[in-house]
Amino acid sequence: MNLALVGQQTTALTISQKLDEYLNSANAVYKFNGSALIAEKGRVLLEKGYGLRNVSAHVTNDTNTIFQIGSITKSFTAIVILKLQEEGKLSVYDKLNKFFPDFPKGDKITIQNLLTHTSGLHNYTDIIGEEDSAIVCYPVAMEKVFEAFENKVQLFKPGKKFEYSNSGYFLLGMIVEKVTGKQYETVVREMVLDPLHMNHSGFDYKKADDINKAQGYIILSKDSLRMNRTVDSTVYYSAGSMYSSVSDLYKWVQAIANHKILNDSSWQQAFTPFKNKYGFGFFLDSLYGKSYIRHSGGLLGFTSDFLYYPKEDVTIILLNNVGDYGNSLFPVAAGITSIVFGFPYTNWKQPAALNIEEATLRKYAGTYIFNADHKLIVSYENGSLFVRDTNPKDMLSKVQLYAENENTFYMKEAQLRFEFVRDDKNDPIKIITYNTNGKDAEWMRAK
């Protein structure tokens, strides 16, 4: 089962025209506001900006715009670690106590655990958030961040589970500095950015002196606008401090595709999936039967995503100057995937929502089951319906539902619709979900 977006499109346009039309439709309903680059077999199909780089100045995004890329930084950190392993300065099997002798249970945690999010370390960004802007919007000493998670109780035995942890990647940056005697940023620039001529990428976004720098917005819609406060790069560090442009990230993806910087065996290590299909700094999964290498990023005011389909040599890069930690560009990328591979798709649109009687909405609340691993929880709160999927792999966190009619609802985050089917007593008995390719799945209401 797949809740991703596909649909139907019949107009006789070139792939580039379809991509442009699709991204314009996404921008029109506030699903994409940034720059995109899509390429196939070394040929750029589309490279263009959409929406506003700066709302107050009414400056538009273009191919030169630079954005914070958040956790895509982790892919760079992982490759630097593997390069240092090639140079004999460390091993991914080294224990954490080799570098931090007093770290609690450091003799049980390996660099490999840090790389694959299997360390069990508490995620420090769950502790530090926007509400701490008086702290995080200014330079923070590395030791202060380290102390925030060092003595937290481990969530699980190392290697037993996957739990996304910025703390692990923060430690990797510190290890890079310990074994090289240089700042993490300097090592990344020497090993990756300079050799690949990524001249529009860096680390300290607040101090970046570039007229192409995008203003970040936590909310940008027809009715609401909220600017971000830029978190200082010292907070995100090797877990998420980098900025870049679509053209620079294309150079990064080409290095991945052509096994530059590292030898083949190191790249093979990077692309070996562990738990939750995560390797060393990359997610390794598939969409519509096509295997991809991917990482995304989300922080205050920016979201980012890149997918590389190695067999077909297809690259999708999306950088957005709107969003928050939990937002994702994957639904937009899924539609682009459909276009490039010739699958059915539909452009983005938002129908007008209707007001439905409270009694009807309350009836729909409940648990709907696809199978033991996939359940939809529908809730009624303050006059509205909400839905969430219990399985994180379905990428459906709690979102609001809007009514097309009394029985059919849609979500604004993705092109997915929910039809409530009722029995002869007018009680809901199941939900049928539809993506834009048609019927997706049936979810039976729990007794």
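In the predicted model, helix H5 spans residues 142-150, and its buried residues are Val145, Phe146, Ala148, Phe149 and Glu150. The cover over these buried positions includes helix H6 (166-180) and helix H8 (233-240). An α-helix has 3.6 residues a turn, so residues three or four places apart point the same way.

Two packed helices are described by the angle between their axes and the distance between the axes. On the H2 side, the contact is made by Thr73, Phe76, Thr77, Val80, Lys83 and Leu84; on the H7 side, Tyr184, Val187, Val188, Met191, Val192 and Leu193 take part. Classified by residue type, this contact of H2 with H7 comprises 9 nonpolar, 2 polar and 1 charged residues.

These helices belong to a fold with 12 helices and 20 strands. For a protein of 447 residues, a compact globule would have a radius of gyration near 22 Å, and the value of 22 Å computed for the model agrees with this. Along the principal axes, the C-alpha atoms fill a box of roughly 70 × 50 × 45 Å. Of the 447 residues, 54% count as buried. The accessible surface of the protein amounts to about 19500 Å², and carbon and sulfur atoms contribute 48% of this area. Among contacts between residues at least 6 apart in sequence, 63% join residues at least 24 apart.

Beyond its neighbours within four places in sequence, Ile38 is in contact with Leu19, Leu23, Arg43, Val44, Leu45, Leu46, Thr315, Ile316, Ile336 and Val340. In the case of Val340, the separation from Ile38 is 302 residues in sequence, whereas the C-alpha atoms of the two residues are 8.8 Å apart in space.

Pro428, in strand S19 (residues 428-435), provides a further example. The relative accessibility of Pro428 is 8%, so this residue counts as buried. With neighbours within four places in sequence set aside, the contacts of Pro428 are Lys363, Tyr364, Tyr368, Val421, Arg422 and Arg445. Tyr364 and Pro428 are 64 residues apart along the chain, with a C-alpha separation of 6.3 Å.

Two other strand residues were examined in the same terms. Ser384 is located in strand S15 (residues 384-389). With a relative accessibility of 18%, Ser384 counts as buried, the cut-off being under 20%. Apart from neighbours within four places in sequence, Ser384 is in contact with Ser379 and Gln400. Thr408 lies in strand S17 (residues 408-410), and its relative accessibility of 15% also places Thr408 among the buried residues. The contacts of Thr408, again leaving aside neighbours within four places in sequence, are Tyr402, Ala403, Phe418 and Glu419.

Backbone geometry was considered next. Most residues other than glycine have a negative phi. Lys277, which is not a glycine, has a positive phi of about 60 degrees. This lysine, Lys277, is situated in the loop between helix H10 (264-270) and strand S9 (283-287). The relative accessible area of Lys277 is 42%, so the residue is partly exposed. A positive phi, near 55 degrees, is also found for Asp313, a residue other than glycine. Asp313 occupies the loop that lies between strand S11 (302-309) and strand S12 (314-320). With a relative accessible area of 28%, Asp313 is partly exposed.

Methods:
Residues are numbered from 1 along each chain as its sequence is written. This is a predicted model: local features need pLDDT of at least 70, side-chain atom pairs count only at pLDDT 80 or more; totals for chains, interfaces and linings use all residues. Side-chain values use heavy atoms; hydrogens and water are left out. Contact means heavy atoms within 4.5 Å. Helices (H or I, at least four residues) and strands (E, at least two) are DSSP runs, numbered from the N terminus. Ala, Val, Leu, Ile, Met, Phe, Trp, Tyr, Cys and Pro count as nonpolar, Asp, Glu, Lys and Arg as charged, and the others, Gly among them, as polar. The radius of gyration is taken over C-alpha atoms; the globule rule is 2.2 Å times the number of residues to the power 0.38. Buried means under 20% relative accessible area, exposed over 50%, partly exposed in between (1.4 Å probe, protein chains only). Accessible areas come from the Shrake-Rupley method with a 1.4 Å probe; for residues, only the protein chains shown count as cover.
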